[in-house]
Amino acid sequence: MSHIPPPLPDVSLPDPAAEDELLFLRQRLHTLELAMGILEEGFWDWDLASGRVWRSPGFYRMLGYAAEAVPDTPEGFLRLIHPEDRERVARLFSEFLQRGQGTCVAEFRCKLADGRYLWVEDEAFWVTQGERVSPLRVIGSLKDVHKRKLAELALRHKSFQLENLNLQLENLVRRRTRELERANALLRTQLAEITRLSTHDSLTELYNRRKFEAVLADELEKSGQGLKPLCLLIFDIDYFKRINDQYGHPVGDQVLVGLARWVTARMRQTDTFARWGGEEFILLLPRTRREEAWGLAERLREGLAAEAFTQAVRLTVSMGVAQLRPGETGESLISRADQYLYQAKLSRNCSVSHP
Ligand SMILES: Nc1nc2c(ncn2[C@@H]2O[C@H](COP(=O)(O)OP(=O)(O)OP(=O)(O)O)[C@@H](O)[C@H]2O)c(=O)[nH]1
C-alpha cells in the first residue's frame with residue numbers, strides 16, 4: 001500500500017529512558033499513520049498559524065483525487081463543494097470559526113475527480129493544545145453518506161408525492177361527495193315529484209282520480225259502510241269546449257286552475273276535492289247528510305256562476321249529489337252521483353240529487 005508511510009528514522013539520544021520514551025512515541029505515531037492510511041473515512045487537519053490543511057489518504061481515496069490536485073487550503077476544498085450547497089456550507093463554517101469552540105456538522109455534495117458528485121458529511125472540531133487558551137487547529141472528518149442521503153431524498157420525494165396524491169384524493173373525494181349530494185338532492189326532488197304526480201293532477205294540483213279512490217275507500221270504512229253519513233258531489237263545467245274554442249286551450253287550462261283554487265278555498269278540512277278527469281271534478285264530504293251536501297252544491301254552483309275567471313271568463317257547472325246508502329260500494333256511490341250529473345246536464349247550471 002503506497003500510502004502507508006515508512007517508520008521514522010532512528011535518532012540516538014544519550015539518555016536511555018528518554019530514548020525508550022521517544023521510541024514508544026515514534027511507534028504510536030507510526031500506528032496512527034498506518035490507521036489513517038487504512039480508514040475509509042477522510043480526516044483533515046487545518047493549522048491556523050500556517051493556513052495549511054493536511055488531509056488523510058482516505059480523504060483523497062473517497063474523492064478520487066491525487067493529493068497534489070487539491071490545494072492544501074480551506075478554499076481549495078470549498079471549490080469542490082456543489083455550487084448549490086457552497087454558500088450554506090461556507091456560512092455554517094464561518095459561524096463555527098467565529099464561535100472558536102465546539103463542533104460543526106454539514107452535509108453537502110462534493111465534486112469527485114470523475115466529475116460526479118458525492119454526498120458527504122463533514123464534521124469539524126476546534127483543537128486546543130497544552131496550556132494555550134486560544135485554539136490552534138481545526139480538525140475534521142469526512143464521511144461518505146451518499147447512499148443514505150439518496151435513500152433519504154428518495155423517501156422525501158416519495159412522501160411529497162404521497163402527500164400530493166393524498167391531497168388529490170381528498171379533493172376528488174370532496175368533489176365526488178358534492179356531486180353525489182347534488183345527484184341525491186336531484187333524486188329526492190324527482191322522487192318527490194314522481195310521488196306527487198302519482199297522487200296529484202299536474203295542472204290543478206288537486207288529488208287525481210287514483211288518490212281520490214283511495215281516500216274514498218278510507219272514508220267508506222270510517223263511515224261504517226254508510227252508518228255515518230257520507231256524501232259525494234260530482235260536477236262538470238258546462239260547454240267548456242266553447243271556452244277552449246273561444247279563448248284557446250291555455251286559457252281553458254287557467255280557468256280549470258282558477259276553479260280548482262276557488263273551490264279549494266271553500267272546502268272544509270275534512271272534505272276531499274279531486275279532478276275526476278277533463279273538466280269534471282269530484283268532492284267527498286264525510287259526516288255530511290244529503291241535504292247539507294245539496295246546500296253546498298248549490299252554493300258552489302251559484303258562486304262559480306258569479307265568478308269571473310281569467311280573461312273574465314264566465315262559466316256554469318252542473319252537479320250530481322249522492323249520499324252513501326248503507327252497504328253501498330264506493331263504485332256504486334260514484335255511479336249514482338254520475339247519473340244525477342247526467343240528469344243535471346240535460347238542463348245544465350243546476351244540481352240533481354235523489355235519496
Ligand atoms: N284547456 C283544457 N281543456 C280540457 C282539458 N281537459 C279536457 N278539456 C276540454 O274540455 C272539453 C270537454 O268537451 P265536452 O265533453 O264536449 O263538454 P263541454 O264542452 O263542457 O260540454 P258539456 O259538458 O256537455 O256541457 C273538450 O274541449 C276538451 O278538450 C284540459 O286539461 N285543459
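1. Around the ligand there are 15 residues, and those that come nearest are Asp238, Phe240, Lys241, Gly252 and Gly278. Two or more residues of this shell are given by each of strand E6 (230-237), H7 and H8. The model is a predicted one.

2. H8 provides the largest share of the shell around the ligand, with four residues. Sorted by class, the shell residues are six charged, five nonpolar and four polar.

3. Helices H7 (residues 240-247) and H8 (residues 249-264) pack against each other at about 135°, and their axes lie 6 Å apart. Angles over 145 degrees would count as roughly antiparallel and those from 65 to 115 as roughly perpendicular, so H7 and H8 are oblique to each other.

4. On the H7 side, this contact is made by Phe240, Ile243, Asn244 and Tyr247, while H8 contributes His249, Val251, Gly252 and Val255. The contact of H7 with H8 has no charged residues; five of its residues are nonpolar and three are polar.

5. Two residues deserve a second look. Phe240 and Gly252 are listed among the residues that come nearest to the ligand, and both also take part in the contact between H7 and H8, Phe240 from H7 and Gly252 from H8.

6. For the protein as a whole, the secondary structure consists of ten helices and ten strands. Of its 355 residues, 23% are buried. Among contacts with a separation of 6 or more, 58% are between residues 24 or more positions apart.

How values were computed:
Residues numbered from 1 in each chain as written. Predicted model: local features only at pLDDT ≥ 70, side-chain atom pairs only at ≥ 80, totals over all residues. Axes fitted to C-alpha atoms, helices over the stretch in contact; angles between N-to-C directions. Parallel < 35°, antiparallel > 145°, perpendicular 65-115°, else oblique. Contact = placed C-beta atoms within 7 Å. Nonpolar A, V, L, I, M, F, W, Y, C, P; charged D, E, K, R; others polar. Near = placed C-beta within 6 Å. Buried ≥ 20, exposed ≤ 12 C-beta atoms within 10 Å, placed from the backbone.
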